[in-house]
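Student: I'd like to learn how to read the ligand sites in a model like this one. Can we walk through it together?

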Amino acid sequence: MAVTAVVGAQWGDEGKGRVVDWLGQRADMVIRFQGGDNAGHTVINDFGLFKLHMVPSGIFNPDTVCIVGTGCVVNPEGLLIELGEVEAAGVTTDNLWLSSRAHVVMPYHPQLDGLQERARAEAQQIGTTKRGIGPAYTDKAARRGVRLGDLLRPAWLRERLTLAVAYANSRFAEYNEPLVDLEVMMTTCAGWADQIGHRIVDTVPLVRAAISADQRVLLEGQLGVMRDLDWGIYPYVTSSNPTAAYAAAGAGLPPSAITSVIGVVKAYSTSVGGGPFPCELHDAAGQRLRDIGLEYGATTGRPRRCGWFDGVAIGYAAWLNGFTGLAVTKLDVLDTFNEILVCTAYKLDGEIIHHLPDTPDQERCEPVYEAWPGWNEPTIDARRWDDLPKAARSFLHRISELAGVPIDFISVGPERDRLVVMDHAFNASAPEAS
Ligand code: GDP
Ligand code: IMO
Ligand code: MG
């Protein structure tokens, strides 16, 4: 049995979509376990270039069952657009199922997201994707949420929506905004039921059958540990848990079923949105990382904040997620740098620390760097460890050491096959090749 969780080890956008797309070729099932269409998972393969928001990155394999898990919040409007785009590229989506227990992002959630963000003082803005993620999870936690399964039960839906719309309207009244009409929402939901109703199922039997049959299952996370609701840079976080511990709950399987956890990590750091980011560069090197790495948000198009690799943050991520292997991405972006810095500690109020402090202290942390020589040659054609320049291998060794985790995969380009697969990868932590 191989159940592999693939999660972001940094601030998001590490290349999870790219890694799941590759691993997905060998998977029987791929389950997105949390988040919503705030995700932007870029996949480049024979079908084209895709920025997947809600659809699991295993969709390109018709024999792979893809599930949007219970831990997700789903905007049916956005999902329908995304399905249209994927299908237009010749990809079948008949293999996509949606958990009836996943919550619905209603049209008023993105609206509330925008209003709440605007109401925050500028310095306190989270920089959300304005996809309504926070308000949808808020309704879930407050037990007034609408779930996908409710779309299939009109009488029950009316009860649920009455509660949810009343609350939304209490907020809109505070903001002096037009109120939401319950009947309009009922009609909208009826339209969604017609269009996606056939995909909404109890996913437990599907997942149970896959696990019982020893199938190869991937659990696809969204965002990264530094934006985790509990363990990230609160309050500059998302409203769900991207860490591997939540993969079991969000996907609907026992924690003991997970056999490996792959941490996807860029060879440098990026972050989009507010909050502390100790390694952020405001100089020419930062701009070069952004230019070469094309560091612009896949969902919002915002320029990503860029910096050197953060060895303190990776140690924290490795502990919390229990990584069994790393997938290091975007190594090729560093190909033309003469010198590459790695943060190995922080300086906080004059003291050197090796742990990640909580948000207010993190704001005052300064990175302590060590310098590594660049390799000044292209890595894009490397497919085996020995193909990589010696200096690149030394740099990767250091990343692995700081994480305390072996490297299973090294990505040297955004396209599916631009990947170095370590010989041990399929023994230790990834689904077996078919
Ligand atoms: P995700 O949200 O974790 O799936 O990551 P995103 O798709 O938001 O951001 C990763 C970006 O890096 C995308 O534009 C990918 O196409 C690109 N990418 C992924 N891996 C590599 C790589 O190894 N090299 C380069 N140059 N680009 C990569
Ligand atoms: P993927 O899956 C990068 C950031 C936002 C904001 C914070 C909360 O592509 O890695 P939210 O809309 O979730 O309430 O915003 O999290 N954020 C992301 N940053 N990649 C993402 O997804 C993100 N999803 C949310 O910028 O700071
Ligand atoms: Mg992304």
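Predicted model: local features only at pLDDT ≥ 70, side-chain atom pairs only at ≥ 80, totals over all residues.

Student: Okay, so is Gly40 buried or exposed?

Tutor: Gly40 has a relative accessible area of 12%, so Gly40 is buried. Asp13, at 22%, counts as partly exposed.

Student: Which residues coordinate the magnesium ion?

Tutor: For a metal, look for donor atoms within 2.8 Å. Here the magnesium ion (ligand 3) is coordinated by Asp13 through OD and by Gly40 through O, at 2.0 to 2.2 Å. Asp13 sits in the loop between strand E1 (2–8) and helix H1 (16–24), and Gly40 in the loop between strand E2 (29–32) and strand E3 (41–45), so the pair ties together parts that are 27 residues apart in sequence.

Student: Now ligand 2. How many residues surround it?

Tutor: There are 21 residues around ligand 2, and Asp13 is among the closest, along with Asn38, His41, Thr129 and Thr238. By type, that shell has six nonpolar, 11 polar and four charged residues.

Student: What lies 2.9 Å from an oxygen atom of ligand 2?

Tutor: With polar contacts, check for N or O pairs within 3.5 Å. A backbone N or O atom of Leu223 is at 2.9 Å from a ligand 2 oxygen, and so is a side-chain N or O atom of Arg302. A polar side-chain atom of Gln222 lies 3.1 Å from an oxygen of ligand 2. On its own ligand 2 exposes 540 Å², and the protein buries 98% of that.

Note on methods:
Residues numbered from 1 in each chain as written. Chains lettered and ligands numbered in written order. Heavy atoms only, no water. Near = heavy atom within 4 Å. Polar contact = N/O pair within 3.5 Å; in protein donor to acceptor, adjacent residues only side chain to side chain. Areas by Shrake-Rupley, 256 points an atom, 1.4 Å probe, with all protein chains shown as cover. Nonpolar A, V, L, I, M, F, W, Y, C, P; charged D, E, K, R; others polar. Donors = N, O, S within 2.8 Å, 3.2 Å for Na, K, Ca; no water. Helix = DSSP H or I, 4+ residues; strand = E, 2+ residues; numbered from the N terminus. Buried < 20%, exposed > 50% of the residue type's maximum accessible area, 1.4 Å probe, protein only.
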